[in-house]
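Morning, everyone. Have a look at it first.

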Amino acid sequence: MELWTSTYGGALLAPVVLLPFVGMLLGLLLGGRQVQRVAVAFMPLGLALALGITAAWLREGQTLVYLLGGWAPPLGIALRADGPAVVMLLAVAVVVCGIGIFARADFGTPLGVRESRAAFSYWLLLMAVWGALNLVFVSGDLFTLYVALELLTFAGVPLVCLAGSGETLRAALRYMLFALCGSVLYLLGAVLLYGGYGTLDIPLLADAVQPEPIARTALALMTAGLLAKTALFPLHIWLPPAHGGAPAAASAVLSALVIKGSWFLVVRLWFDVMPGVVTLPSAQLLGALGAMAIVIGSVVALRQERLKLLVAYSTMAQIGYLFLMFPLAFDATGNALMHGAALTGGLLQAVSHATAKAGMFMAAGLIYAALGHDRIADLAGVARALPVTVLAFVLAGIALMGVVPSGAYLAKKLLLDAADGSGQWWWTIVLQGGAVFTAGYVVLVLVNVLRRRSAALILVKRVSRRSEFAALVLSVGSLLLALAALGPVPGHLVSNPLAPRELATTVLVLVGGALLALGLSRAPLLAAARSAAAANEGWLRHAAVAVGTAFEQADRLVRRWPFASIALLTLAAAFGGLLLVGAPK
């Protein structure tokens, strides 16, 4: 069978997984300042392998396969790279290279300076995250995916506490414990599938699995466990403190890359392993959780006083977009999950988020390093002092808003087409309204950095031009991603950004975002507006503040251990019940 025959391009799959781990082991062996040199040397090699895999996939026009040891499943293990895997491999390689360039300023070890433990650990962990993600993307069976997911978790947790403060240590411990809870649910589901069908190989399991109790139970448990690792609302107990407290180079890895592993595995389970088991009501629950993440995450982001925490909560909101594709992937009858526009839009959203969010965290980190703080209300004059950094942050934010020709814009267009085709008009409101929330915190930051200072701005540290360039390149890449995707995506979806309709949409989004920022934020949007509000706050301002406060209190409640634990088990039970609704009789 061709399914069990290694393809020519498949020979590159094992090296793309092994290369980061070989670099990690070599760095451990050489030690000291050599770790950074090894990591920097291996990054272009990994990018070249990802480009080679992409070229081979385009040339061969089929899924790339490599049989480890020449043994075919179920006795052996196969590595496979289909379209989604190839896209994610290439995107992660590009982002890792950008983060590596940025991190040399924070975790580099100049000659004559003794290497630090944090710098030594960072480069090893970065390579471990990269290798684990590559293994997630090309793994062909659910147990290898479990191993890859655990490698990813145990590489991501130490990144949170590289600073060594008590707060970051608590955040890392919370991340590890909750992620392990998710791992238990995933592994339990995998055990049920193996006991029921005798294999964990994805193609074999896809042929054998039936919409029956054991498959529904396994899918419900595994989905809930993976949502805990992805930090989808209300399972985001660990995300804000972990992403907001880690060093900028680590936050970029956690936000842009680490959460993509568990999300991609949800995609594998739903679209490739058990598409006949999933039902439209269960997909609607995933979409509803995504919509709540967008609204609550964005409102709480607008209420933050620190820039990095704002970006962390915006990550929570952006994760929600990644799950809107699941209900939209169903056909008009609601009976079949399709590999179509919705899946393509979800992948584009993931790549756009990875590049833009890395750029945003990098820019926020540079501002913190230059000023010694990241208080939004005290960012006046930063645009003049750090123009490239501010430009990178704003371009990344604009890309996430879905402005032409960003990847998020094209993703939104594909999802809107899917919503029209399946008759699910209510997701159109979520997709269109989400851009306004994103515009809100972009406008909030932009206005504050553009304000003039009464006194000269004192920079406590000179930022690296190389780091600024890395952040800017990733942000620009996200903003221009739609142009790179015109080959596999219909060109008519990308409009002229200067067309009246597109200009009007952009203006409305920005105006709506400015109104949200004015009503919800603690930091001043305009000095005059702040003075007027202090003198005589109207009922609209009072209502907006009350809503923002209520959302903050709800967020604090949800992120407590008792609530998060109950929510995890409740979601597993809810998915199990909804997998029965709409199932074929």
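Disulfides first: a search of the whole structure turns up zero. Keep in mind that this is a predicted model. Take C161. Which cysteine sulfur is closest to the sulfur of C161? The one in C181, at 18 Å. A disulfide needs the two sulfurs within 2.5 Å, so that pair is too far apart for a bond. How accessible is C161? Its relative accessibility is 21%, which makes C161 partly exposed. C97 is buried, at 13% relative accessible area. The cut-off for buried is under 20%.

Start with the largest cavity. Its space comes to about 90 Å³. The lining includes Q318, Y321, Q349, K412 and L431. Also in that lining are L400, M401 and G402, then A408, and finally G434 and A435. Which elements give two or more residues to this lining? They are α12 (307-322), α16 (387-401), α17 (407-422) and α18 (426-450). The largest share comes from α18, with three residues. By class, I get six nonpolar residues, four polar and one charged.

Now the second largest cavity. The volume here is about 70 Å³. Around it sit L149, L152, T153, Y175 and A179, together with K229, W238, V258, I259 and S262. Two or more lining residues come from each of α5 (142-160), α6 (166-197) and α10 (248-273).

Last topic: the backbone. Where are the cis peptide bonds I want to show you? One joins P73 and P74, with omega at about 10 degrees. P74 is in the loop between β1 (64-67) and β2 (78-81). Another cis bond runs from F233 to P234, and omega there is near 5 degrees. P234 belongs to the loop between α8 (213-230) and α9 (239-245).

Stay in that loop for a moment. A231 also lies between α8 and α9. What is phi of A231? Near 70 degrees, a positive value in a residue other than glycine. Is A231 buried or exposed? Buried, with a relative accessible area of 0%.

Over to you for discussion.

How values were computed: Residues are numbered from 1 along each chain as its sequence is written. This is a predicted model: local features need pLDDT of at least 70, side-chain atom pairs count only at pLDDT 80 or more; totals for chains, interfaces and linings use all residues. Side-chain values use heavy atoms; hydrogens and water are left out. Buried means under 20% relative accessible area, exposed over 50%, partly exposed in between (1.4 Å probe, protein chains only). On a 1 Å grid over the protein atoms alone, a cavity is a set of points where a 1.4 Å probe fits but cannot get out, and a pocket is an open set with protein on both sides within 12 Å along at least five of seven lines; lining residues have an atom within 4 Å of a point. Grid points are joined across faces, edges and corners, and a volume is the space filled by probe spheres set on the points. Helices (H or I, at least four residues) and strands (E, at least two) are DSSP runs, numbered from the N terminus. Ala, Val, Leu, Ile, Met, Phe, Trp, Tyr, Cys and Pro count as nonpolar, Asp, Glu, Lys and Arg as charged, and the others, Gly among them, as polar.
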